[in-house]
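This briefing sets out selected local features of one protein model. The points are grouped by topic for reading alongside the sequence and the coordinates.

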Amino acid sequence: MTEAPSDTCDYQRFAEMLVHLTPQGASVPYTVCYDKNGHIWVASKGGLFKFDAKTKRVLYKRKNPFPKTMAAFCQVIYHDDTIIYTMAECKDRQTAMFFLGLDGEEKHMSIIDGLLLSMVVNSRGDIYIAKQPTSEKSTIYTTSMDAPLGWDEVISITGQFYDTLGLVDEDTLLVSTVQLPKNMFSKQSLRLISLAEDGEARETKVFSEAGKEPGQIFFPRSIQRHKEHMIIMDKSGRFLRFTPEGEYVDTVCEIDAYLANGFTMIPSEGVEGEGKRMQALTAMSGIVRDPSNMAICDDWLEVVPLDGKSWKEKKQETA
């Protein structure tokens, strides 16, 4: 069974790109973040890049010479004047984690056994990671930015794996899980995990299921907190809004499926002065039409307004 062909694939226009990543070598971007100066950091198979949000200039780059050999799901997070960046080569089955200053200077580097799927950091500097599955058991691990030398198990699950992590608050994770073996028909769910002070993590709620109906999920790729809600972006191109207690609210945007790899909410100061609206800075990869109407593979950053509309609706409005 194949997916229905896209009816909005011609809506991706060069004029809507905030930053065109392909010419810089930032191929296949997965995660994006802002630092305190409003600069944008992008982790891609092509390496780590820092951009000026207004001029679009590259301020720093740490390029990978052979991006095709790099593993998926590289991570970048800003916390307390530090950039945390992870990358891995497919054949090594190990992940390198770098702690960098805002100028790109390396402060610390360590090696994690296995390939990362997702990473979050709370305001205390506690790092949580989920790895790509290698057995029936999947575990969330944690360490501290103060001494990132060893990883402690937080919670484990069998027959499923922890796929994408999000932070509800300092002591609560919102996590998506996928049943093994992973395929497009795999059962999926969202789970709230309480990180108790006694060190004993507990699941407090399991909700949602695989699908594309309101409130259902289709392989979430990024989970972000925005004010009083959680925003979940999945492979179907939907940005879903849930309460921190796990209640579905609405779908705040729908773009073309399979394009978006990750997103971050635009801070209050915004990009080019547009941050007062709810918007997501989104890392995208896909096939687009260039100015000569040729189909090409491309990578870019785009500001997606979370205004309740779909790309299909916007396409019809401009027709």
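**An antiparallel sheet and selected residues**

Strand S12, covering residues 137–144, pairs with S13 in the antiparallel sense over six bridges. The model is predicted.

- Four strands make up an open sheet, arranged in the order S10-S11-S12-S13, with antiparallel pairing.
- Strand S10 (116–121) and strand S13 (152–158) are the edge strands, each of them pairing on one side only.
- On average, and with direction ignored, neighbouring strands of this sheet are turned by 20° against each other.
- Within the pairing described above, tyrosine 141 stands opposite glutamate 153 in S13.

**Leucine 21**

- Leucine 21 is placed in the loop that lies between strand S1 (17–20) and strand S2 (29–34).
- Is leucine 21 buried or exposed? Leucine 21 counts as buried because its relative accessibility is 0%, and the cut-off for buried is under 20%.
- Apart from neighbours within four places in sequence, the residues in contact with leucine 21 are Ala26, Pro29, Val42, Phe51, Asp299, Trp300 and Leu301.
- Between leucine 21 and tyrosine 34 the separation is 13 residues in sequence and 16 Å in space, taken from C-alpha to C-alpha.

**Threonine 82**

- Threonine 82 belongs to strand S7, which spans residues 82–88.
- With a relative accessible area of 8%, threonine 82 is buried.
- Which side chain makes a polar contact with the side chain of threonine 82? The partner is the side chain of lysine 107, at 3.0 Å.

**Cysteines**

- How many disulfides does the structure hold? The number is zero.
- A disulfide is a covalent bond that joins the sulfur atoms of two cysteines.
- For cysteine 33, the closest cysteine sulfur is that of cysteine 74, and the 12 Å between the two sulfur atoms is too far for a bond.
- Cysteine 33 is buried, its relative accessible area being 7%.
- Cysteine 90 is partly exposed, with a relative accessible area of 38%.

Definitions and conventions: Residues numbered from 1 in each chain as written. Predicted model: local features only at pLDDT ≥ 70, side-chain atom pairs only at ≥ 80, totals over all residues. Heavy atoms only, no water. Helix = DSSP H or I, 4+ residues; strand = E, 2+ residues; numbered from the N terminus. Buried < 20%, exposed > 50% of the residue type's maximum accessible area, 1.4 Å probe, protein only. Contact = heavy atoms within 4.5 Å. Polar contact = N/O pair within 3.5 Å; in protein donor to acceptor, adjacent residues only side chain to side chain. Disulfide = S-S within 2.5 Å. Pairing = 2+ DSSP bridges. Axes fitted to C-alpha atoms, helices over the stretch in contact; angles between N-to-C directions.
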